[in-house]
Amino acid sequence: AGLLLGHTVLGKLDTVNDLLFSHVSGIEIIDTTGLFGFVIFLFLMGVKMDLRVAFRSTKRAAVIGFISILAPITVGLIIFSAFKKPEQSKEVNLERLLGTTIESLTSFSVIACLLSELNILNSELGRLALSASAIADVGTLILVFVFSSMAKWANAPSVAAVNTAASIAFVVILFFVFRPMMFWVIKTTPEGKPIKEVYIVLIVMVAIGCSIFSHFFGDSPLIGAFVFGLAVPDGPPLGSALVDKLECFVNGVFLAVFTTTSTMRVDVKSMMENRSRFLFSIIFVGVTFLAKVLSCFIVTFGSFMPLKDSLAFALIMSSKGIVELSYFCSFIDNKIMSKATFSVLVLGILVNSTIVPLLVKLLYDPDSRRYAGYEKRTLMHLKPDSELRVLACTHRSENVSTIIELLDLTCPAKESPQVVFALHIVELKGRDSPVFIAHQKNENSALSSLENIFAYNQYEQNNWDSVTVHAFTAISPSKLMHEDICNMALNKQTSFIILPFHRKFSIDGSIEDENSVMRNVNCSVLDRAPCSVGILIDRRVADRGRKTLKTSSRMPTCSIGMLFIGGKDDREALTLAKRMARDPQVNLTVIRLIADHHHSGNIMDWDGILDSEILKDVKQKNEVGNSCNIMYAEEVSNDGPQAAGVIRSIVNNYDLIIVGRRYGVESVQTIGLAEWCEFPELGVVGDLLASTDLNSSVSVLVVQQQYYVELDRH
């Protein structure tokens with residue numbers, strides 16, 4: 001838009017030129033508004049940037065971060081020396097040196113925005129890019145401070161001494177006075193309550209004051225706001241509150257104004273007036289870009305990263321955006337850079353920010369290979385006494401107790417142990433970098449992820465000879481939470497994932513709370529999980545505090561119903577139910593819904609043969625042993641309404657009902673129910689059991705078997 005409105009296109013027309021450029025005060029006001037918005041934007045980028053990422057980075061990320069700056073600067077200086085002429089003015093030398101430096105920098109904010117837009121923020125490549133760019137950004141700040149200080153000391157030593165002392169005092173006050181004050185604000189805010197509005201306003205005012213302070217002492221006003229943003233504690237409740245309050249308006253309005261007014265200054269005609277400047281600008285932009293791409297590519301490819309991933313990573317580290325544009329704007333405002341060079345560099349940013357995302361998307365698609373299930377990781381394919389590896393996901397603390405009860409129902413024993421990977425998923429707010437925490441057994445409670453981690457550890461202690469628990473916390477954007485879940489399930493080779501249902505029910509059976517984020521996560525996991533998945537619906541609100549799924553009594557106390565219609569999901573659900581039935585405290589009833597011969601016909605397909613085979617041992621009661629209580633019953637259902645009637649009649653007889661999802665599978669027994677299905681992720685039967693119209697407090701587990709890919713042998 002800025003290019004179109006500028007001197008290159010519409011600005012040539014007299015009417016547009018008079019409207020936009022004849023009233024100097026008007027365009028200056030818009031410029032100032034855009035700059036003010038960009039100051040707040042950089043402040044928010046500082047808030048969202050976690051400096052600990054830079055200091056906790058791996059050796060590989062540190063090497064990449066430093067090389068991504070040093071390689072293009074070195075090559076740029078070589079090009080500068082090669083093109084330097086004896087009669088060249090100091091102004092031209094300074095312009096070329098600054099241009100080379102800015103083209104060589106790696107901006108954390110730009111890379112974080114690019115990764116977020118491409119939905120690879122918490123991928124392996126994304127995490128490495130964030131770590132490397134955080135180191136590069138800190139290195140850039142130090143280099144800018146050193147170079148600017150050297151220039152000031154060369155021109156006016158006395159003024160430089162005052163400015164340097166003021167800058168050091170500024171940083172010390174921010175991190176050792178203001179930062180503790182903000183931690184005090186967090187400490188005095190009750191848990192779960194928002195930060196008071198007065199504190200938000202004061203912090204924004206201080207950010208603007210920091211910009212004025214840095215400008216007064218000879219630095220860019222952008223640096224003051226950014227450094228203050230780094231001092232603000234990231235994440236909830238303070239960092240997230242600032243981001244929630246400001247980000248939408250700043251990004252949607254101020255940033256658009258700043259970008260538009262900045263690019264309105266581009267004049268393609270002026271680029272050709274000085275051929276030597278134009279040629280040098282084109283060459284150093286291209287050469288520094290290639291130097292950064294090649295250096296990052298060589299380092300990552302040399303550390304055994306795949307070829308395409310290494311190239312995608314190098315392109316990510318070489319991306320340009322709004323931060324580089326702001327530097328060039330400040331140079332042209334301070335008469336350090338000519339309009340011709342500015343125009344070339346801004347057009348270079350436009351080309352870079354257009355092509356790089358397309359190439360990265362073409363080269364790197366983690367979903368296309370990461371979760372492809374070539375290996376069968378289902379409950380059906382486990383040996384009877386093999387280790388059961390389960391990924392238990394929790395979003396809220398109330399999910400924990402029911403999930404632990406379900407885990408206990410799977411009958412862990414010394415002969416068939418259970419390994420639980422407890423993952424607490426938290427939405428990323430107020431920071432750019434996703435966080436993944438592996439909790440230690442002896443971890444301090446203040447550092448842990450709420451009480452759910454300790455509940456899982458207590459479950460392990462109660463079953464010390466048969467259960468092993470590994471606790472983790474993943475903090476990531478809501479649209480990428482499913483990647484943390486699927487990635488962990490793949491890496492830990494789990495056979496089953498347990499997800500909580502997104503609805504919370506009240507005592508009277510109505511909906512108390514509905515979490516749309518969790519529903520989207522559940523749907524995404526079902527679509528791409530590398531193993532089988534179960535969604536647990538907890539409706540036992542009225543019974544909490546006095547009844548659990550299974551108590552410590554020696555008599556059978558837990559009654560489980562398994563509704564079987566047919567298909568692979570039902571077979572997976574039945575396998576889990578039979579595993580639970582090994583426990584003498586469990587009563588299992590398998591209810592098979594069948595259609596009469598008039599409606600079903602006599603054709604037996606392959607699925608029907610597999611169904612009959614898995615039900616054979618249930619009917620004969622010989623696999624699980626004589627001590628187990630397994631009953632088998634058949635109910636006739638010729639359509640959906642009849643199936644609903646059967647379900648309503650039996651639902652209150654059980655503490656837990658297990659069903660298969662059977663998504664997209666049509667059968668005579670449930671025909672017509674799909675038209676009334678509210679939650680396709682539960683299937684038609686699961687949706688009926690989760691309905692508010694069902695007057696019941698029974699817990700429900702909806703099971704989906706893993707979708708795996710058959711390998712082509714030819």
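1. Let's start with α21. Its buried residues (buried means under 20% relative accessible area, exposed over 50%, partly exposed in between, with a 1.4 Å probe and protein chains only) are Met 481, His 482, Glu 483, Asp 484, Ile 485, Cys 486, Met 488 and Ala 489. That makes eight of its 11 residues, so the helix is mostly covered. Helices (H or I, at least four residues) and strands (E, at least two) are DSSP runs, numbered from the N terminus.

2. A word on what you are looking at. This is a predicted model, in which local features need pLDDT of at least 70 and side-chain atom pairs count only at pLDDT 80 or more, while totals for chains, interfaces and linings use all residues. Residues are numbered from 1 along each chain as its sequence is written, and side-chain values use heavy atoms, with hydrogens and water left out.

3. Now step off the end of α21. Just after the helix, Gln 493 has a positive phi of about 55 degrees. Ser 495 sits in the loop between α21 (481-491) and β5 (496-500). Is Ser 495 buried or exposed? Ser 495 is buried, because its relative accessible area is 6%. Setting aside neighbours within four places in sequence, Ser 495 is in contact (heavy atoms within 4.5 Å) with Arg 377, Thr 378, Leu 379, Leu 382, Arg 389, Cys 531 and Ser 532.

4. Most residues other than glycine have a negative phi. Asn 119 has a phi near 60 degrees, a positive value, and is found in the loop between α7 (108-117) and α8 (124-155). Cys 411 also has a positive phi near 60 degrees, and lies in the loop between α19 (398-409) and β2 (418-427).

5. On to the inside. In soluble globular proteins, nonpolar side chains tend to be buried together.

6. Not counting residues up to four places away in sequence, Phe 228 touches Phe 43, Leu 174, Phe 178, Met 182, Ile 203, Val 206, Ala 207 and Cys 210.

7. Strand β4 (residues 467-476) is mostly covered too, with eight of its 10 residues buried. Two strands pair if DSSP finds at least two bridges between them. β2 and β4 pair in the parallel sense over 10 bridges, and Val 419 has Thr 468 in β4 as its bridge partner. Strand β3 (residues 435-438) runs antiparallel to β4, joined by four bridges; there, Ile 437 is partnered with Thr 473 in β4.

8. How many aromatic pairs does the structure hold? There are 11. Rings of Phe, Tyr and Trp (its six-membered ring) pair if their centres lie within 6.5 Å; planes under 30 degrees apart count as stacked, over 60 as edge-to-face and the rest as tilted. Phe 170 and Phe 213 are stacked, because their ring centres are 5.1 Å apart and their planes at 20 degrees. Phe 170 is in helix α9 (residues 157-188) and Phe 213 in helix α10 (residues 197-216), 43 residues apart, so the pair links distant parts of the chain. Phe 170 counts as buried at 13% relative accessibility, and Phe 213 as partly exposed at 31%. Elsewhere, Phe 36, Phe 249 and Phe 254 form one aromatic cluster.

9. Last stop: Arg 96, in helix α6 (residues 90-104). This arginine is buried, with a relative accessible area of 6%. Beyond four places in sequence, Arg 96 is in contact with Phe 80, Phe 83, Gln 88, Ser 276, Arg 277 and Phe 280. Arg 96 and Ile 336 are 240 residues apart in sequence, yet 9.8 Å apart in space, C-alpha to C-alpha.
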